[in-house]
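Thank you all for coming.

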2 protein chains.
Amino acid sequence: MPTLKVKKIDIDVEKPFALINSQTLEEVKIKHSTNVKVKSEKSEIMCEVFSTTDLILPGYVGLSKESASQLHVKEEKKVNVFVRRRPVSLEHVKQKREGHVWKENEIRTIVNDICSNNYTDLEISMFTLAQYYMGLSMDEIQYLTTSMAEFGITLDFDEPVYDKHSIGGIPGNKVSLVIVPTVAAAGLLIPKTSSRAITSPSGTADTMEVLCDVNFSSDEILEIAPKTRGMLVWGGTLDLSPLDEIVIHRVEQPLGIDPHSQMLASIFSKKVSTGVDYLVLDIPTGEGTKMPTKDDAIDYAHEATELGRRLGIQIEAALSYGEQPLGKAIGPALEAREALNVISGKGPTSVFEKSAELSGILFEMAGLAQPGQGASLAADYINKGKTKEKMEEIIGVQGGDANVTADDIAVGQFTESIKAPKDGYIIKLSNDAIKKIAKAAGTPKHKEAGIYLHKKIGDFCREGEELMTIYSNSEGRLTEALNLSANLNPYILEGMIIKRIKSGP
Amino acid sequence: MPTLKVKKIDIDVEKPFALINSQTLEEVKIKHSTNVKVKSEKSEIMCEVFSTTDLILPGYVGLSKESASQLHVKEEKKVNVFVRRRPVSLEHVKQKREGHVWKENEIRTIVNDICSNNYTDLEISMFTLAQYYMGLSMDEIQYLTTSMAEFGITLDFDEPVYDKHSIGGIPGNKVSLVIVPTVAAAGLLIPKTSSRAITSPSGTADTMEVLCDVNFSSDEILEIAPKTRGMLVWGGTLDLSPLDEIVIHRVEQPLGIDPHSQMLASIFSKKVSTGVDYLVLDIPTGEGTKMPTKDDAIDYAHEATELGRRLGIQIEAALSYGEQPLGKAIGPALEAREALNVISGKGPTSVFEKSAELSGILFEMAGLAQPGQGASLAADYINKGKTKEKMEEIIGVQGGDANVTADDIAVGQFTESIKAPKDGYIIKLSNDAIKKIAKAAGTPKHKEAGIYLHKKIGDFCREGEELMTIYSNSEGRLTEALNLSANLNPYILEGMIIKRIKSGP
């Protein structure tokens, strides 16, 4: 096990590397491009070996600043470098080929190895693609879920925990900013952890961050949430499911896949970690969502409730209409504005209704309302200002301005509107096109960027009337978003020709 | 499409990179770790973006020597750098999940994209693992085979071409060095292309290279082979199947997998490329081979012959005993020696018999012998010195010493023998252990390294008698091989205790 001295080298790349002099590599019989473990007293990382003859002296290993800091080592400090052995658990992964059903301890060793950085990206893809191509049984999904939770941190509350989760897929879904204060206002504990945008223009954490801080430690959450009854924080700070971060980042995003079993395990491992007892699960359904047909959504709902039953989480799944964005605002700042409007009685009814329905389901689960009466109780909370009051309290304890109003929120200064090319009813409004245009305008990184939809499906518009307005904080990005909009045609009007196809070459 | 100036940078790593100043990256809106295409006037490659603040000036792109030479560019020359688009054909790959059967044009676009370097390693794994997990239909295997052949070079002879192929898996399988001259001596055209060792101690090309050159262009083969009737060359020079090189190197070897369909397509695409009409296919069978059971081997033989039928190649498959190495010599030099011994009437009968059997099948296919008579005709060719005479001619035209004898061939000067720990019959001789020990001794890189087996399965040995001798050209590697041998126990003697397991912690 050769010992080399650390030298920081100014190269930035996602996958860690170890840049070593070719003479040293010859001596220690390691080839370039080999996967090695670099181990300090405090930590170890897996690196790919880069070879050089003049950038690094013999006896040294060049590491990026980030790798050095992960290893907690300074320059000239010694680290051990040794060839990574192929993890034994990879044999379990391979057995999937013969239709092998993974046992609990097999899944646990795989999860352990991935979380301990023992798998290369290719090896992780072998695990993820086994799920993608072959699917997992409910037993396997359960073991995967509990193993994933085991390797993350855990929040332990002394009382029942309520939660709302949306499987995502539609832009503008800011309902958590209405649901959490509504449910908390009724006294139920709802310490909601949420994600940042992965493919969408804004995740709940991105939207909430417009109003206040969302980075809290588990100790802080355990202290604050029981008092306010609700929080809206970013789950990423908490390291709830290390496997998830690795798999999503290194395989699922690059390949653009999200295997069913991994999606379920990903959601539910975090519910296990955060001690959720009652969950309302929002499943946006329809063309352009993750569940294109109602049958897909129903199957998914049954699987989720069954998985919940096995994990001791009571679940009610709600299929929601997802063929167009929810509400009118897309992008962190615009969505935060709209959420504040809704709890002040000024928002679009679609956001109000969906928030009340989902909050109401939690009220019914908690016994606060009779079956079928939850939504109207929730509507009362919103209409009577209790939701608003609770939201102000939450924003305050999370370090924001408790008295913030929708008008206080800055949005992109460069704007331009898309206008109707002719008279007609809107028959389609594409989630996918809206997402892409919003991202071109700068979301989710630039919180002020986004889209405001003046018209939605079923609305009538006159030629030249505004369909939507794009917001950006740079003229260049606004132009890009406008160009994309011209290409993607997010709105389809009745009678509009979508594409013309000529015969011939 | 930004234009940057080339700067060579002294970093050696398998996967091409483009090292760019972070300021430039900001300007052109490319993130580190993105996959980009770097394009010169003559060529283009796919690179991963590394970012730096001081190793490369703004406006430059740092490339490895190898990348610069692949692009045919010198320092200060301009290249274009642009973000790679995810290839559209990846959608076909993904469809495999729903049990989609790939159409011919879908497979062709996938193969085209991979050969054109449009796929990342992860994306290739998605294609290879689809095969691994889901399997392919015979139609799909056929399309894959012909597409793979299309993207490589082709050899066109004006007469029927004969060939022998072994699917590999056992060490010491040097029969091609006997079969090719035997078949050529009878006047049949057998321009055999073969591979170098991938996991074995010596590929046919490695062994032949001990005796003469094996690197020939397609023009040279087309000129020489019709005259000598036989050649033994390395297929790697010929670029017969570019996809194969990419897939094997970048996914199959790192993951240690070899999907059935890819293995068939890999073999047969090269047969199509080299214009093979008649093929005898050697399938070593039994524990420790690629075909552990006879049923596996028979299934494989049926698939191979069916694929051959579709491609217009007449095939006879021969299942051979593969539970121990073939003959007594393992490693390039030792195997070349043994092959010369066999054609001089002095080699082990197992090599002689197998060579005669397989040559005989080709004789029968060609109508030179009645069914069942081929092997004895082949034995005649060997016994009467015709094989030897032809081999000398082939070695001569391939630039070697036509009069070479077994004794002329140098083998490793550092040797040590493993001795029997007790009296007994040998009941097992592990292919896998022998491969690993031979590789530790230096094969296939060091041609003089290897193993000579004094005893084989069924032999009786006295305590202290030599079982095998290890050859190496370095004392260090010899010690490593000896240590490995002590760990791996390549020989099992009847009544020997293999492992003792105690109860308790």
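Predicted model: local features only at pLDDT ≥ 70, side-chain atom pairs only at ≥ 80, totals over all residues.

Let us begin with strand 13 of chain A and strand 17 of chain A, residues 466-472, which pair in the antiparallel sense over six bridges. Strands here are DSSP runs of E with at least two residues, while helices are runs of H or I with at least four residues, and both are numbered from the N terminus; two strands are said to pair if DSSP finds at least two bridges between them. Within this pairing, Lys419(A) stands opposite Glu466(A) of strand 17 of chain A.

As for the naming, residues are numbered from 1 along each chain as its sequence is written, and chains are lettered from A and ligands numbered from 1 in the order in which they are written.

The two strands that we started with belong to an open sheet of four strands in chain A, with the order 12-15-17-13 and antiparallel pairing. Why is one side of strand 12 and of strand 13 of chain A left without a neighbour in the sheet? Strand 12 (329-330) and strand 13 (414-419) of chain A stand at the edges, and each has a single partner strand, so one side of each has no neighbour there. Helix 17 of chain A, residues 431-441, packs on this sheet and touches strand 12, strand 15 (450-453) and strand 17 of chain A, with a direction that makes about 135° with that of strand 15 of chain A. Such angles run from 0 to 180 degrees between N-to-C directions, and the axes are lines fitted to C-alpha atoms, for helices over the stretch in contact. By contact I mean that the C-beta atoms of two residues, placed from the backbone, lie within 7 Å.

Turning to chain B, we find an open sheet of four strands in the order 12-15-17-13, again with antiparallel pairing. Six bridges join strand 13 of chain B to strand 17 of chain B, and in strand 17 of chain B the bridge partner of Thr415(B) is Tyr471(B). Helix 18 of chain B, residues 475-488, lies across strand 13 and strand 17 of chain B, running at about 145° to strand 17 of chain B.

Strand 14 of chain B, residues 424-429, has pairings of its own. With strand 16 of chain B (residues 460-461) it pairs in the antiparallel sense over two bridges, and there Tyr425(B) stands opposite Phe460(B). With strand 18 of chain B (residues 491-493), strand 14 of chain B pairs, also in the antiparallel sense, over three bridges, and Lys428(B) stands opposite Ile492(B).

Next come two helix pairs in chain B. Helix 14 (residues 349-365) and helix 15 (residues 374-383) of chain B pack at an angle of about 120°, with their axes 7 Å apart. The residues that meet include Phe352(B) and Ile361(B) in helix 14 of chain B and Leu377(B) and Ile382(B) in helix 15 of chain B. The residues of this contact divide into nine nonpolar, three polar and two charged, where Ala, Val, Leu, Ile, Met, Phe, Trp, Tyr, Cys and Pro count as nonpolar, Asp, Glu, Lys and Arg as charged, and the others, Gly among them, as polar.

Helix 11 (residues 260-273) and helix 12 (residues 294-311) of chain B pack at an angle of about 35°, with their axes 11 Å apart. Leu264(B), Phe268(B) and Val272(B) of helix 11 of chain B make the contact with Glu303(B), Ala304(B), Leu307(B) and Leu311(B) of helix 12 of chain B, and these residues divide into six nonpolar, no polar and one charged.

Finally, how do the chains meet? In all, 31 residues of chain A are in contact with 31 residues of chain B, and helix 5 of chain A gives the most to the chain A side, with ten residues. By class, that side has 15 nonpolar, seven polar and nine charged residues.

Chain A can be laid on chain B with an RMSD of 0.1 Å by a turn of 180° and a shift of 0.1 Å along the axis, the superposition being by least squares on the C-alpha atoms of residues with pLDDT of at least 70 in both copies. The two copies are therefore related as by a two-fold rotation axis. In chain A, the C-alpha nearest the axis belongs to Leu122(A), 3.1 Å from it.
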